[in-house]
Amino acid sequence: MPAATLSAFTATPSRKSAGPTSFRLTEKFILLLVFSAFITLCFGAIFFLPDSSKLLSGVFFHSSAVETNTRTGTDGGGGGSGSAAGNEEKILAKIRKDHENALVEAKDTLQKHPEEIKQDIQKEKDKLARENAVKDSNSFPPIEYKRPPGTTGREPADPLTKERRAKVKEMMKHAWDSYKRYAWGFNELRPVSKQGHSSNLFGGLKGATIVDALDTLYIMEMYEDFDTATDWVEKNLDFNLNTEVSVFEVNIRFVGGLLSAYYLSGKEVFRKKAVELGERLLPAFKTPTGIPWALLNLKSGIGRNWPWASGGSSILAEYGTLHLEFMHLSKLSGKPEFAQKVMNIRKVLNRLDKPQGLYPNYLNPNSGQWGQHHVSVGGLGDSFYEYLLKAWIMSDKTDEEGKKMYYEALQAIETNLMRKSSGGLTYIAEWKGGLLEHKMGHLTCFAGGMIALGADGAPADKTGHQMEEAAEIARTCHESYARTALKLGPEAFRFDGGVEAIATRQNEKYFILRPEVIETYMYMWRFTHDPKYREWGWEAVQALEQHCRVEGGYSGVRDVYASTPNHDNVQQSFYQAETLKYLYLLFSDDDHLSFEHWVFNTEAHPLPIIKKDEADQPNEVE
Ligand code: DMJ
């Protein structure tokens with residue numbers, strides 16, 4: 001009761017001071033009113049304050065509350081009236097605290113502008129809708145797990161290959177054990193300083209290395225480690241975080257990693273987590289065109305683009321690298337939204353004019369117009385092309401639209417970007433508004449594998465020609481390694497100013513354990529069985545062992561032309577997801593994760609081809 005009101009009553013003069021019996025009738029009535037108001041308030045507090053149910057159970061259902069605690073031992077004292085009183089006190093203290101908080105909140109709200117209040121209400125509604133959607137995602141139907149063929153492999157018959165394969169497994173063990181020992185739960189490992197490392201690509205998400213490495217552990221038959229990783233995922237992998245993440249990175253590493261872990265092991269937790277995370281990513285598509293934002297707050301669902309991207313654009317390699325995972329999310333959840341979102345991206349792209357048939361790296365999600373006309377098959381563009389081809393393959397070659405887009409894009413790349421140096425090295429340059437920059441990124445080296453993978457579907461006159469092209473790119477990328485002191489490839493190499501396949505700028509001389517060159521060797525080996533690809537892979541193993549292996553794991557190096565390595569102190573999560581996996585498969589038989597049944601996402605996570613006859617059903621159990 002406000003003090004002013006109270007004093008009004010206390011100051012009321014009474015004519016006689018003998019006792020309540022001497023009050024006038026009106027005074028009695030007022031006193032009665034005050035008293036009954038007080039009683040009502042007390043009861044009101046019990047019934048309407050937050051958490052009143054706990055108080056009720058403490059006060060009115062006292063014995064059952066005590067019994068429960070005694071059984072579970074949560075009161076630590078074996079129950080009894082003493083601890084029950086303690087509980088009641090705690091509960092009352094909590095109620096008081098909640099009450100105070102509510103008052104502060106109410107005061108804040110009163111001070112707000114009505115517009116602000118409206119916005120707050122809208123935000124709350126959106127939050128609720130999202131939470132419900134996520135809850136829904138946990139209620140998708142059970143499905144029958146069918147193990148796709150080739151999840152495990154045999155030992156290679158040839159002793160040398162067997163030995164090399166075993167060596168790669170030992171490398172994985174060193175990388176994993178070091179991560180486990182020094183950085184468990186962190187996103188990545190700092191192998192020199194032996195501590196955890198977290199890049200802002202994942203915001204507050206944790207355990208990128210664990211999720212990225214799951215399938216590699218499985219295919220290398222490191223089942224105990226796989227179980228430890230599974231246990232961590234079950235208990236600790238949490239997406240309900242007020243944190244901003246890169247939609248692309250989280251999709252390729254986390255969603256991709258969880259999907260593969262599910263398909264390899266059949267463990268339901270991975271399907272659940274993948275779908276839950278997929279649901280959390282959906283608000284990124286809330287733009288006027290449906291082209292998703294690059295960055296997203298997982299809790300608020302608010303998205304934005306990288307501040308450095310031309311005119312507020314989304315990036316081709318980011319919004320164009322969701323397709324494979326999202327198609328599988330629809331299959332595993334029975335929810336069509338995932339597939340619809342990525343199919344819409346294609347619609348937007350197909351409405352736009354493409355300069356020389358090329359796809360610029362930047363696209364504004366509000367206007368649906370291209371940003372700067374920069375084109376690259378490396379950074380900012382790369383995996384968009386990869387996903388067009390793989391979407392067609394993953395659909396058991398029914399996705400004709402994906403196929404058409406891929407082969408037309410490749411044709412434009414061959415005409416406008418692919419060049420041969422005077423020394424006879426084929427490379428893929430970058431295009432800046434019609435001008436060529438004769439530079440090829442390490443990232444671009446994946447294109448050898450991609451072109452080889454697509455060669456047999458190419459228009460008849462191109463089939464053989466594309467296989468040759470792929471082999472030439474593999475050779476160029478191998479040269480970029482061979483021409484360094486450490487026999488590891490630089491981040492980018494140039495074909496101008498009298499050099500070929502060499503980095504000329506200091507900021508392009510680093511190597512961060514990237515997989516693309518080894519990835520291309522693996523594809524070329526599978527398609528040609530030319531032993532040189534295994535030899536080149538083995539050269540890379542030796543260089544990694546000599547220059548990147550340290551006591552606490554594997555580290556990137558700052559300058560591949562310097563005779564002694566200067567370590568960058570990061571073991572990237574893709575080292576275990578991709579580099580070591582592709583090396584292992586290079587020394588394995590072709591039927592281990594065969595191309596007949598699997599496609600690899602851009603982070604090397606294997607996803608099964610969705611066979612024509614099962615395309616429309618999510619394998620639901622009756
Ligand atoms: C990986 O995360 C993926 O391959 C991505 O597509 C680009 N490159 C890195 C590794 O280099």
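Hi everyone, let's start with the lining of the largest pocket: its residues divide into 19 nonpolar, 14 polar and 16 charged. Here Ala, Val, Leu, Ile, Met, Phe, Trp, Tyr, Cys and Pro count as nonpolar, Asp, Glu, Lys and Arg as charged, and the others, Gly among them, as polar.

A word on the source. This is a predicted model, where local features need pLDDT of at least 70 and side-chain atom pairs count only at pLDDT 80 or more, while totals for chains, interfaces and linings use all residues. Residues are numbered from 1 along each chain as its sequence is written, and side-chain values use heavy atoms, with hydrogens and water left out.

Back to that pocket. On a 1 Å grid over the protein atoms alone, a pocket is an open set of points with protein on both sides within 12 Å along at least five of seven lines, a cavity is a set where a 1.4 Å probe fits but cannot get out, and lining residues have an atom within 4 Å of a point. The largest pocket holds about 1200 Å³ of space; a volume is the space filled by probe spheres set on the points, which are joined across faces, edges and corners. Which of its 49 lining residues are the closest to its centre? They are Glu249, Gly379, Leu443, Glu491 and Arg514. Helix 10 gives the largest share of the lining, four residues. Helices (H or I, at least four residues) and strands (E, at least two) are DSSP runs, numbered from the N terminus.

Now the cavities. The whole structure has two of 30 Å³ or more. The largest has a volume of about 100 Å³, and helix 14 gives the most to its lining, with four residues. Its lining includes Tyr319, His323 and Phe384.

After helix 13 comes Gly334, with a positive phi near 75°.

Last, an open sheet of three strands, in the order 8-11-12 with antiparallel pairing; strands pair if DSSP finds at least two bridges between them. Strand 8 (374-375) and strand 12 (435-437) are at the edges with a single partner strand each, so one side of each has no neighbour in the sheet. Thanks, everyone!
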